[in-house]
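Colleague: I am new to reading models of this kind, so could we go through this one together, one question at a time?
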Amino acid sequence: MHTLMDNETRKQQLIKTLLQKGIYKKGAKQLYMLTLNELENIYVPSEKINTITGNGVVKVEQATFAAGCFWGVEALFQQLNGVISTTAGFTGGETINPTYEDVYSELTGHAESVQVEYDPSLISYEELIEVFFENHNPTSLNKQGEDIGTRYRSAIFFHSNEQAEIALIAKENLERSGRFKKPVVTQIVPITSFYRADEYHQSYLAKRGQSSCKIS
């Protein structure tokens with residue numbers, strides 16, 4: 001009984017937070033029809049998170065990127081000092097709790113994405129943006145290497161106004177640099193619901209003894 005009550009309380013808290021933050025915009029009625037697990041999957045904190053470690057309080061922030069197949073993108077960010085964790089998933093679409101097959105169909109509007117949790121005292125958002133732009137082709141619309149489709153689009157999903165400003169400046173500086181002859185088509189849009197992909201897709205390359213794959 002205690003567990004059921006805790007789950008119901010958690011569900012009510014999530015619904016309230018999702019509505020207050022505007023993360024889910026289709027109304028409370030649809031939210032109440034979802035399970036606790038489904039609510040957890042669409043909850044994306046829009047503020048900075050604090051986690052407690054043995055050494056004290058460590059600030060953790062989130063960043064979300066799309067740059068082609070999420071296997072290679074995740075492997076890229078996993079190698080960076082200051083990155084605490086990564087999650088392969090889907091964002092930027094309309095369908096609730098989509099499967100990989102749903103996203104592959106190109107009917108949900110989602111992009112294959114990687115959500116990064118990082119310690120800003122060790123690596124900055126500016127540095128993450130730099131790595132993002134250096135490791136794929138941001139002038140290629142809906143195509144990275146042999147991967148073609150809107151799910152492979154180049155996108156930065158910002159979690160705050162500060163992140164949006166940093167991303168826009170980085171994109172403008174890249175365009176002015178003359179590095180690319182074509183316009184940079186990277187989308188800079190607010191994070192919406194982020195859905196974790198199946199465990200099969202998490203750390204896909206690391207599980208197979210690979211440190212990277214070409215994502216551009």
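Predicted model: local features only at pLDDT ≥ 70, side-chain atom pairs only at ≥ 80, totals over all residues.

Colleague: Does cysteine 69 count as buried or exposed?
Modeller: Cysteine 69 lies in the loop between strand E2 (56–67) and H4, and an unreviewed UniProt entry carries the annotation "active site" for Cys69. A residue is called buried when its relative accessible area is under 20%. Because the relative accessibility of cysteine 69 is 16%, this residue counts as buried.

Colleague: Which residues does leucine 80 touch, if those up to four places away in sequence are not counted?
Modeller: Leucine 80 sits in the loop between H4 and strand E3 (83–91). Its C-alpha atom is separated by 9.7 Å from that of leucine 122, although the two are 42 residues apart along the chain. With residues up to four places away in sequence left out, the residues that leucine 80 touches are Ile123, Leu128 and Val131.

Colleague: What is the handedness of the β-α-β crossover from E7 to E8?
Modeller: Strand E7 (residues 154–158) and strand E8 (residues 187–190) run parallel and are joined by 4 bridges, and phenylalanine 158 stands opposite proline 190 in E8. Between these strands the chain passes through helix H7 (residues 161–177), and the crossover is right-handed.

Technical notes
Residues numbered from 1 in each chain as written. Heavy atoms only, no water. Helix = DSSP H or I, 4+ residues; strand = E, 2+ residues; numbered from the N terminus. Contact = heavy atoms within 4.5 Å. Pairing = 2+ DSSP bridges. Right-handed = clockwise from strand over helix to strand, strands pointing away. UniProt positions renumbered as here; feature names shortened; annotations may be inferred. Buried < 20%, exposed > 50% of the residue type's maximum accessible area, 1.4 Å probe, protein only.
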